[in-house]
Amino acid sequence: MPQLARFCDNVISPMTFQYAEPLSLTDLSVSEHGSKVRVGYQGSPDVFSEDSVLKAYPQGEAVPCEQFEVAFKAVVLSLVDKAVLPIENSMDGSYHQNYDLLLCHNLRLVGEVQLSINHRLVALPGVHKQQLRRVLSHPQALGQCEIASSTLDVVRESVDDSAGATQGLRDAGAIASARAADIYGHNVLEETMQAMNFLLSLFLVLAREPIIPRIERAFKTSIVFTLEEGPWSIIQSTGTSFSGEDKIHKDREQAPKESPS
């Protein structure tokens with residue numbers, strides 16, 4: 001247990017926020033949380049990842065984690081019951097870090113959540129678009145909204161907590177969700193900021209135990225395997241491993257990482 005305690009001190013940092021209880025060492029002694037499912041996600045309580053948790057588990061308790069790896073390990077250590085983490089985005093593609101983390105942790109994929117993303121330009125009450133000198137947001141959101149924000153005479157700044165970073169700033173706006181605007185009492189200055197009219201993110205639900213597939217509907221299965229190097233290796237393997245009734249939704253090939261010498 002001392003080793004486990006040191007690990008948690010180093011990796012899981014406390015986050016104080018009135019809308020969600022932060023992870024702490026005392027959670028290690030709690031194995032049952034009653035009917036309320038505790039679900040980890042990466043980010044602060046105003047991000048789209050929390051929206052995905054609430055969509056999957058409306059009555060659950062969303063637990064913020066500072067990093068993707070913290071959310072993975074929180075499930076492994078039973079600090080939370082499940083984690084909901086992004087894996088694909090219709091504009092930016094794959095979250096390669098989370099693909100790698102899936103290979104590093106013995107967790108089960110038990111569901112997925114599709115979430116429509118709509119970035120809004122928000123600011124404090126009384127602040128107009130013409131008064132803005134800075135626009136703050138997460139780096140990914142800034143990239144997705146680069147075209148719209150470039151029409152404003154502003155400096156774009158990367159932050160982790162988009163809407164929360166503008167508190168008390170009369171010259172700054174944020175690119176954030178509608179829920180973030182409600183949480184912080186911001187006004188919406190622009191309803192849509194992203195370049196794509198339809199922006200969709202796919203989130204995976206991770207758990208320690210698998211679910212038993214039912215026969216009345218189709219289930220997805222994820223498989224990870226290694227192959228000998230050579231041309232068409234991925235095509236040859238999938239062609240001989242799946243029947244005509246199987247549908248491959250996505251395949252992803254990645255070179256193995258070399259072990260440090």
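Trainee: What does Asn 89 touch, not counting residues up to four places away in sequence?
Mentor: Asn 89 touches Tyr 95, Gln 144, Leu 199, Leu 200 and Ser 201, where contact means heavy atoms within 4.5 Å. Bear in mind that this is a predicted model: local features need pLDDT of at least 70, side-chain atom pairs count only at pLDDT 80 or more, and totals for chains, interfaces and linings use all residues. Residues are numbered from 1 along each chain as its sequence is written, and side-chain values use heavy atoms, with hydrogens and water left out.

Trainee: Why does Asn 89 count as buried?
Mentor: Its relative accessibility is 6%, and buried means under 20% relative accessible area (exposed is over 50%, partly exposed in between; 1.4 Å probe, protein chains only). So Asn 89 qualifies as buried.

Trainee: What makes the link between the side chains of Asn 89 and Ser 201 a polar contact?
Mentor: They come to 2.8 Å, and the definition asks for a pair of N or O atoms within 3.5 Å; within protein, one must be able to donate a hydrogen and the other to accept it, and residues adjacent in sequence count only if both atoms are side-chain atoms.

Trainee: Why are β7 and β8 called paired?
Mentor: Four bridges join β7 (residues 134-137) to β8, and pairing takes at least two by DSSP, so they pair. The two run parallel, and Val 135 has Arg 156 of β8 as its bridge partner.

Trainee: What makes β8 and β10 edge strands?
Mentor: In the open sheet β8-β7-β9-β6-β10, β8 (155-158) and β10 (187-190) each pair on one side only.
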